Amino acid sequence: MTTVTAPADAAIDCTDLVRIFTADGIEVQALQGLTLRVESGGLVAIVGASGSGKSTLLGILSGLDKPTAGTVTVAGRDLLALRSRERVDYRRRTVGFVWQQTSRNLLGYLTARENLALAMSVAGTGDRDRRATELLELLEVGHCADRRPTEMSGGEQQRVAIAVALANEPRVLLADEPTGELDEATSAEVLEAMRGVNRELGVTTLIVTHDPTVSEHVARTVQIRDGRTATEVLRRTGVNEEGHEHTVAEEFAVLDRVGRLQLPQEYLSTLGMRDRVRLALEQDHVGVWPHVADEEERP
């Protein structure tokens, strides 16, 4: 099978993103200065509780929404500078999107092959039959080529949806809760399929989810809290004393441009930190301690 390649310079770069929504005279700040960079060919999971801002971020990256302030570049394209027609072209060619709901990914009256052909015809992509076959085989759903969505399992539907999202050779693949409606075993299969696509095609992939098990399938997990990137977990393969490979995960707090960071909530709760903390600059680290008021400080 011929491997379909993606351009090597795809990347996501967001700086100080702010998004404010107004309803009935009340302002809600969904993003509060979020900064995020995903290197070319990266596979990253964005996690966070409901209301943390992750869906707002995805809406901006997909070109469906615009930030109130800040800058955002995807695959070298400044999203704030795009005109209406350019934004349509961006959504057709630069990014591919996978929704949680199958009905938003696939037309129910078309087969898998026809769904891919439709996506390619809208963008004017050539050699549609060959590319459709290659993508369906890559995602191990070649047997579903002539089936409609109702004739596929949930996992097959999502893998076909990924193929449709990749039909026009996007430089960035965005996925919104792609395993939200699947059981654990099927979720693992879909996530492994996305990892395989990332590895084989080199397409930069961003998965937005609240499912903690997604983290096991990516090398980098970014947590969003209160509209900002709060922590990152980086995973790598290590070798133990017996010579066996194992996964090493390290958690990092994220610093913004002015030096702010968010400490994990469990740290704050365990140490009783609130309102303010004591800081000390040491030779090779910064110490952070709970503030305990002295007797004379207390009212």
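The following conversation goes through some computed features of a predicted model and the definitions behind them.

Visitor: What makes a feature count here, and how are the residues numbered?

Guide: Because this is a predicted model, local features need pLDDT of at least 70 and side-chain atom pairs count only at pLDDT 80 or more, whereas totals for chains, interfaces and linings use all residues. Residues are numbered from 1 along each chain as its sequence is written, and side-chain values use heavy atoms, with hydrogens and water left out.

Visitor: Why is threonine 150 called exposed?

Guide: Exposed means over 50% relative accessible area, buried under 20%, and partly exposed in between (1.4 Å probe, protein chains only). Threonine 150 has a relative accessible area of 74%, and is therefore exposed. Threonine 150 lies in the loop between helix H5 (128–138) and helix H6 (154–165), where helices (H or I, at least four residues) and strands (E, at least two) are DSSP runs numbered from the N terminus.

Visitor: Why is valine 277 called partly exposed?

Guide: Valine 277, in strand E12, has a relative accessible area of 35%, and because this value falls between the limits of 20% and 50%, the residue is partly exposed.

Visitor: What makes the nonpolar surface patch that includes Val277?

Guide: The patch, of about 490 Å², is made by Val277, Leu279, Leu281, Val286 and Val288. Strand E12 (277–281) and strand E13 (286–290) are the elements that give two or more residues to this patch, and E12 gives the most, with three.

Visitor: How do you know that the span of helix H4 agrees with its number of residues?

Guide: The expected span is 1.5 Å times one less than the number of residues, so the 12 residues of H4 (residues 112–123) should span 16 Å, and the end C-alpha atoms, 17 Å apart, agree with this.

Visitor: How do you know which residues line one face of H4?

Guide: In H4, Ala112, Asn115, Leu116, Ala119, Met120 and Ala123 are buried. Seen down the axis of H4, the buried residues fall within an arc of 130°, taken from the directions from the helix axis to the C-beta atoms, so they line one face of the helix. These buried residues pack against helix H2 (84–94), H5 and H6, contact meaning heavy atoms within 4.5 Å.

Conventions:
Patch = residues over 30% accessible without salt bridge, like charges linked within 9 Å, V, L, I, M, F, W, Y side chains within 5 Å. Areas by Shrake-Rupley, 256 points an atom, 1.4 Å probe, with all protein chains shown as cover. Salt bridge = Lys/Arg side-chain N within 4 Å of Asp/Glu carboxyl O.
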